[in-house]
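Look at the model below before reading on.

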Protein chains: 2
Amino acid sequence: MDGGLKPMDAEQLRECAHKMVDFIADYYKNIESFPVLSQVQPGYLRELLPDSAPACPESLQDVLDDVQNKILPGVTHWQSPEYFAYFPSNSSVAGFLGEMLSAGINMVGFSWITSPAATELEMIVLDWLAKALNLPDEFLSTGKGGGVIQGTASEAVLVVLLAARDKVLTRLGKDAIGKLVGYSSDQTHSAVLKACKIAGIHPENCRVLKTDASSEYALSPESLSDAISQDIASGLIPFFLCATVGTTSSTAVDPLPALGKISNSNGLWFHVDAAYAGSACICPEFRHYIDGVEEATSFNMNAHKWFLTNFDCSALWVKDRSALVQSLSTNPEFLQNKASQGNLVVDYKDWQIPLGRRFRSLKLWMVLRLYGLENLQAYIRNHIELARKFEELVKLDPRFEVAARRNFSLVCFRLLPTHQNNLESANRLNRELLDAVNSTGKLFISHTVLSNKYVLRFAVGAPLTEERHVVAAWTTLQEKASGLLRNSQE
Amino acid sequence: MDGGLKPMDAEQLRECAHKMVDFIADYYKNIESFPVLSQVQPGYLRELLPDSAPACPESLQDVLDDVQNKILPGVTHWQSPEYFAYFPSNSSVAGFLGEMLSAGINMVGFSWITSPAATELEMIVLDWLAKALNLPDEFLSTGKGGGVIQGTASEAVLVVLLAARDKVLTRLGKDAIGKLVGYSSDQTHSAVLKACKIAGIHPENCRVLKTDASSEYALSPESLSDAISQDIASGLIPFFLCATVGTTSSTAVDPLPALGKISNSNGLWFHVDAAYAGSACICPEFRHYIDGVEEATSFNMNAHKWFLTNFDCSALWVKDRSALVQSLSTNPEFLQNKASQGNLVVDYKDWQIPLGRRFRSLKLWMVLRLYGLENLQAYIRNHIELARKFEELVKLDPRFEVAARRNFSLVCFRLLPTHQNNLESANRLNRELLDAVNSTGKLFISHTVLSNKYVLRFAVGAPLTEERHVVAAWTTLQEKASGLLRNSQE
């Protein structure tokens, strides 16, 4: 960066950004050459970097060399075709271009006036996505509802929980907070308990209802109904239910129609978290998984998971946007303006925790336009088909079992106990298998525990994953299993 | 996008992203040709876009044409050199490159294992920045403290307020929540009251202490001390103070040393919000503004405001990271791993509201390296000098007054009342002047109210702003003022 500080010179931007494009394109070209799970040790980077920021400028080439030699070894490659851990976090050409454009414009869209296009495109694109998911019209921005992009599903559940809390407290007075009871299952994402804690809901008033294999880890309407009745009898105030379509552990699907009816007849806010599986519901044959969403007060899916929209982009819809605004609005003098004061516009600052916000709708808009819904459906179907094939491979090997019903693109499986060993040693064996395959760097998988069994999770969904990667991953798993079983029998 | 869906093909990425680079570089080349404040009417975009997402792919050229013709007219150009509203939100070549790289890698760094480099670079770079700001060593990650990148100052204040709340509630029991009292001034950012509300602090226990012109709108230690004494006498529990260095309205500076001593002797969590002005404190001659930060429990500055790091990048430091973790940690089975369980690493998920997080340290690292501290100091000094020159221009025109002390790069000013008019009509005149200049599209300024006076805010800080832009803005202001004054006297 010669010639003094020109921090936003258009031609310097052009020159440097073209270099960065090639760096990133080369990264994708070579992505299979990296270990999927980073193999560095804690503290590795501090030894490689100086103790303080430089006084004088360094060159872009020096920085890129450091990215290559010091940063990338410490990256776990979520975009690798051999990434099968957690859930996917899709990047795509369209999503990446949207991020570039958003960073290029770099506006802070807290109120409509700070960039009308940012607010309006977000409303429009979330209406598009709601229609693609066949959500009830009440979730569209053309009525009393609407969609908003949150950073993550954690923030989505927090804002609706706050809206639900404040609706009740407005009616009953602030001291009722100690009596509010929220409901979820033991398969619900930890974000819900965290949201309760943030909101000041008493930990002992957070009902985590047990599920088991008999319902494929779905929340039972009876247990919800019983819990609500007991709580009411104890003088408590049920106020919130989070149901999940596609749980993190095993992609269980809670029965929305029955849960929704119980929620509504008891005046609960009914939130549906379909962070991962929501994307599949753009395919008509998978749409039935969210049947019952018409009972929901709010609905969430993460376009940044399995919908080719770079992180972060969590889509949240509510039927009554005024409940969010009543809970989360602020109106300091320095943000007042005619459009806001005249109630002519949506100011998304009042739908979220932070004030500032990025132009995230651009990337979702570009994904929808540059790919089109038919291609996006084909993309989802392909991953589900690859997961089905992996499940078949597991079933063909008698040393393994499939450990939960596969609904989408996640396969839960494990090495079966051999006749000599019990549950505990089987669990240890599966833990060792996880470590063994992940430390090859050839693939990255994760785990969960279901009914006390340590279970391996194989989540298909990276944009570059093809059948050959799934087959190769299975081969590595089989080889490592053979080695472990051999050792355990010696 | 021909030939079926290849959502992350390296060569398609290369080709499309090079096009996007040129689009964005051209945007910066022509940025002065746009009206700074978008002149569209509410609802303009819905008429220009279809009702639903396309079934089939569209071309990148079509999308870019729509960006040019439909989106950009609805953008308020925060990067324009004539943007003087709110506070700046800097973009830069380095910041933009960092965003590109982060979007390219697109990992979700909730735990160390999900990309060790993301966690470790963040720790290192926030140590660099802490040293550049000459923060006490207790804020460094090498001890018990450390830095973390939050999205915004709103999230920064929320997480420390939650940590402060839970420290007290752990000691006194959860029912004490109704007695907790938080303190700030009437100049403190609205984010603090919002954070209190989110955390379940009773609204009537949020003390908003009055300031006035006599202290240049700084919080008076006496008023804090009195309020704390009264609250203790009433059986309430003071727990949190937010002081500000560089308030949003007028860049007032609260007296940290005195406030800190009162906080500490009463056991309050003392948070210092220097979201905007913190950047200036890398210059030795401005460092005194945060003298007293050694008394603080936590400190925040937004690198995305005036430090050339694209939005979002809010740097938060705490002296005791365990307080954050105790309040915000979750540990579900599916996220457990050896490094985390062994307590060998930092998992930033436990320092923030959301679970997922982007690789935001890359952009801050690139800003520090590609510019170097000396250039960054020169950048800040230049803006402060431009603001000083604008202030001189205001002072030379007897129709105007400077309405608050200028500490950094914000000038608060207003048209004086003429002898015929009172405060109210002077306020109306200034409102009209704001509308008049903003609707020219030639510049964008904002406003506030100080001691009941409607005051115009002229905030220098966009990366492309030069002296000629400041002078031209003043000329437009003078012209519009002359017109309004002529009309008001007819």
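What follows describes a predicted model.

## Two helices within chain A

Helix α4 of chain A covers residues 116-132, and helix α12 of chain A covers residues 361-396. Their axes come within 9 Å and cross at roughly 40°. Because of this angle, α4(A) is oblique to α12(A). The crossing of α4(A) and α12(A) is left-handed.

On the α4(A) side, the contact is made by A:Ala118, A:Leu121, A:Glu122, A:Val125, A:Leu126, A:Trp128, A:Leu129 and A:Ala132. On the α12(A) side, the residues are A:Ser361, A:Leu362, A:Leu364, A:Trp365, A:Leu368, A:Arg369 and A:Leu373. Sorted by class, the contact of α4(A) with α12(A) has 12 nonpolar, one polar and two charged residues.

## Two helices from separate chains

Helix α1 of chain A (residues 10-29) packs with helix α3 of chain B (residues 93-105). The angle is about 15°, and the axes are 10 Å apart. Angles under 35 degrees count as roughly parallel, so α1(A) is roughly parallel to α3(B). The crossing of α1(A) past α3(B) is right-handed.

Which residues of α1(A) meet α3(B)? They are A:Gln12, A:Leu13, A:Cys16, A:Ala17, A:Met20, A:Val21, A:Phe23, A:Ile24, A:Tyr27 and A:Tyr28. In α3(B), their partners are B:Val93, B:Phe96, B:Leu97, B:Met100, B:Leu101, B:Gly104 and B:Ile105. The contact of α1(A) with α3(B) has 15 nonpolar residues, two polar and no charged.

## Aromatic rings

Over all chains, the structure holds 44 aromatic pairs. One of them joins A:Tyr276 and A:Phe408: the ring centres are 6.1 Å apart and the planes stand at 90°, so the pair is edge-to-face. A:Tyr276 lies in the loop between β5 (269-273) and β6 (298-302) of chain A, and A:Phe408 in the loop between β8 (400-402) and β9 (410-415) of chain A. The pair therefore ties together parts that are 132 residues apart in sequence. A:Tyr276 counts as buried because its relative accessibility is 2%. A:Phe408 counts as buried as well, with 0%.

In chain B, B:Trp78 and B:Tyr83 form a stacked aromatic pair, with 4.9 Å from centre to centre and 25° between the planes. B:Trp78 has 3% relative accessibility and counts as buried. B:Tyr83 is also buried, at 1%. Back in chain A, ring pairs link A:Phe84, A:Phe390, A:Phe400, A:Phe413, A:Phe458 and A:Trp474 into a cluster.

## Two buried loop residues

Is A:Ile201 buried or exposed? Its relative accessible area is 2%, so A:Ile201 is buried. This residue is in the loop between α6 (190-198) and β3 (206-209) of chain A. Leaving aside neighbours within four places in sequence, A:Ile201 is in contact with A:Leu161, A:Arg165, A:Leu180, A:Cys196, A:Cys206 and A:Phe239. The C-alpha atoms of A:Ile201 and A:Gly182 are separated by 8.1 Å, and these two residues are 19 residues apart along the chain.

B:Thr330 is in the loop between α10 (321-328) and α11 (338-341) of chain B. Its relative accessible area is 15%. Buried means under 20%, so B:Thr330 is buried. Which residues does B:Thr330 touch, not counting those up to four places away in sequence? They are A:Ser190 and A:Lys194 from chain A, and B:Lys349 and B:Asp350 from chain B.

Conventions:
Residues are numbered from 1 along each chain as its sequence is written. Chains are lettered from A and ligands numbered from 1 in the order in which they are written. This is a predicted model: local features need pLDDT of at least 70, side-chain atom pairs count only at pLDDT 80 or more; totals for chains, interfaces and linings use all residues. Side-chain values use heavy atoms; hydrogens and water are left out. Axes are lines fitted to C-alpha atoms, for helices over the stretch in contact, and angles run from 0 to 180 degrees between N-to-C directions. Helices (H or I, at least four residues) and strands (E, at least two) are DSSP runs, numbered from the N terminus. Angles under 35 degrees count as roughly parallel, over 145 as roughly antiparallel, 65 to 115 as roughly perpendicular and the rest as oblique. A crossing is left-handed if the near helix is turned anticlockwise from the far one by less than a right angle, and right-handed if clockwise. Contact means heavy atoms within 4.5 Å. Ala, Val, Leu, Ile, Met, Phe, Trp, Tyr, Cys and Pro count as nonpolar, Asp, Glu, Lys and Arg as charged, and the others, Gly among them, as polar. Rings of Phe, Tyr and Trp (its six-membered ring) pair if their centres lie within 6.5 Å; planes under 30 degrees apart count as stacked, over 60 as edge-to-face and the rest as tilted. Buried means under 20% relative accessible area, exposed over 50%, partly exposed in between (1.4 Å probe, protein chains only).
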